[in-house]
Amino acid sequence: MTATGTAADLETRVYRPKKRKTKLWLYVPLVMASIFYLIPMYIMLATGFKSFDEVSLRTMWNLPSGLSLDNFKAAWDALSPNVWNSFKFVVPASIISAMLGSLNGFVLAKWKFKGANVIFPLILFGMFIPYQAILIPLVEFIRSINLFGGVWGLMLTHIVYGLPITTLTFRNFYAALPDDLVEASKIDGAGLLGTYRHILLPLSIPAFVVVLIWQFTAAWNDFLFAVVLTSNEGWPVTVALNNLAGSQIIEWNVQMAASFLAAVPTLIIYIFLGRYFLRGMLAGALKG
Amino acid sequence: MSLTETTRTTETRPPRRRFRIRKDKVLAVALISPSIIALLIFVYGFIAWSGRVSVSAWKGLLPDYTWVGLDNYKNLFVDPRFHIDIRNTVMFTVVFVLGCLIIGLALAILLDQGLKGEAFFRSLFLFPMAISFIVTGVVWRWLMNPATGDRTSGLNLIFQSLGLDSLVSSWQATPYWGMAFIAIPAIWQMSGYTMALYLAGLRSISEELKEAARVDGATELQIYRRVMLPQLRPVTLTALIILGHISLKVFDLIIAVAGKQYALDVPAIYMWQTTFDGYFFGRGAAIGILLLLSVGVLVVPYLWYTQRQERGT
């Protein structure tokens, strides 16, 4: 027996005998760790809400005296076109690679054919490759199909390199469903597509949520593909933020506010759907 | 008449079903082949193409596939910048992986005690995972600002005002050890994830096993050391593979914290710069292939092992 955890394990509360009383001192390291994780959030928000007059490196740790939006306005003016660029390719890329992953996962889990055992690890390997090893051909290819510079080449790239993780998640999800479901549907005379559409697809909503969240986060946070495949007008928010931080003209307080803006979409997803986000991450660990 | 008809139908039905099944098999292959072809091209085709570029003399904007053998690789092995890159990668990997494993395991054990507010702490430790390395890097660049005197800021400012002057550091600007400090924001981002892996592992250990050890008179500490930790070995292996391959690929975090600095260079940045700023395509491709090989050494045995294990069960 080995300890291979899943998200479900994580969420089960362990039964503890009453006699073991809560040890209060355990909160000391937990609170210290919390401070470590919260420092960057604090500095982004505290700086973001200060007025321009109030901003100074000497007092960077002080709380703002009021809630001024100067910094967020300046950051939004600088970043808004890039935020839209990000949405433009991240949303379709997530949806398309999730749909393809669902079909692949279904076939690999429930419609086994010769060679499926060879193909699956070959697909998985695509998840781990350092993208530097494919970067030159990728740029040449995207150029040759005239998608270089804008967001559509980036979308195509994220769809394809998203396939390994989406296929893995769906395959594991479908493999856990009983084979009888598929057999019964076959006996009823339903074909492959009928079985998928009427039996498995309606059951797949939780897996779709996991995969969509995961793909959205990965594509939104990507920098490497964006920096080599897009030019000024196609820059997504990560590239624009990095350029903003590297420039001498934009003050550090605006950089803090901009960082927060760039993090907002994925943070919102995390706050509301964190439980699914975790499941996606553990699927990425080849456990799910 | 009716008899022959029935025999005919029973005769024809099986072939039709078989045809149906065969048609579905064809359909199944047809459904996944676009994805598989795309991955064959984008992963394996492009790797082969990179491999070809890495043994070419391609320098400059126009492709040049003149065969030069392993020259690009040989040049890298005597390239002082590449030596720094390797040293930096090793230093980053050691600090980052150990930091994540130790902090992750410690937090997981703490959270496994059934304390009130566990869900809150768990979410708090995990949220950095949702943020991009660029955001993390830009913020930590100001937290780890090495400036002194009037320009002192970030964590150094806190240490000063708390009278902890010995903790004031030049962070990533520290000569030789700078790379170890770059691992701090990376640990900030990934240690919560390691915690989640360990916590899930701890929770999957059966309660009977722990109870049996308790009945045998083991203390809680002994239970962790003798019963739980050995059970967590597969989790540690998974975490090692995932963290290890992240650190070999580390790129955007360093760009966001430090920009392109020679002292804080890594292979991924060297590849990017030499290819897209310097047009040394042959050399860039060679770095890419070396990175792939190093990740492959880590990942391929792991994939093989987990696949075999899965088929076995």
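One definition before we start: two residues are in contact if their C-beta atoms, placed from the backbone, lie within 7 Å. Please also keep in mind that this is a predicted model.

**Stop 1: Ala258(A).** Select Ala258(A) and show its partners. Leaving aside residues up to four places away in sequence, Ala258(A) touches Ala75(A), Ala78(A), Leu79(A), Leu241(A) and Leu244(A).

**Stop 2: the nonpolar core.** Which residues touch the most other members of the largest nonpolar core? They are Leu241(A), Ala258(A), Ile182(B) and Ile254(B), in a core of 175 residues. Now colour helix 7 of chain B, residues 178–203: this helix gives the core its largest share, 17 residues.

**Stop 3: chain A as a whole.** Switch to a cartoon of chain A. Of the 288 residues in chain A, 48% are buried.

**Stop 4: the domains of chain A.** Colour residues 27–68 as domain 1 and 74–284 as domain 2. The C-alpha centres of these two domains of chain A are 32 Å apart. Where they meet, domain 1 of chain A supplies seven residues to the contact and domain 2 of chain A supplies five. On the domain 1 side, that is four nonpolar residues, two polar and one charged.

**Stop 5: the domains of chain B.** Do likewise for chain B, with domain 1 at 1–44 and domain 2 at 87–278. In chain B, the C-alpha centres of the two domains lie 51 Å apart.

**Stop 6: where the chains meet.** Show both chains and select the residues in contact across them: 82 from chain A and 90 from chain B. Which helix gives the largest share of chain A's side? Pick helix 12 of chain A, residues 252–284, which contributes 15 residues. Colouring by class, you will find 60 nonpolar, 20 polar and two charged residues on the side of chain A that touches chain B.

**Stop 7: helix 12 of chain B.** Finish with residues 267–276 of chain B. Is this helix mostly covered or mostly open? Mostly covered, with eight of its 10 residues buried. Those buried are Pro267(B), Ala268(B), Ile269(B), Tyr270(B), Met271(B), Trp272(B), Thr274(B) and Thr275(B).

Notes: Residues numbered from 1 in each chain as written. Chains lettered and ligands numbered in written order. Predicted model: local features only at pLDDT ≥ 70, side-chain atom pairs only at ≥ 80, totals over all residues. Buried ≥ 20, exposed ≤ 12 C-beta atoms within 10 Å, placed from the backbone. Helix = DSSP H or I, 4+ residues; strand = E, 2+ residues; numbered from the N terminus. Nonpolar A, V, L, I, M, F, W, Y, C, P; charged D, E, K, R; others polar. Domains from an automatic or database assignment. Core = buried A, V, L, I, M, F, W, Y, C linked by C-beta atoms within 7 Å.
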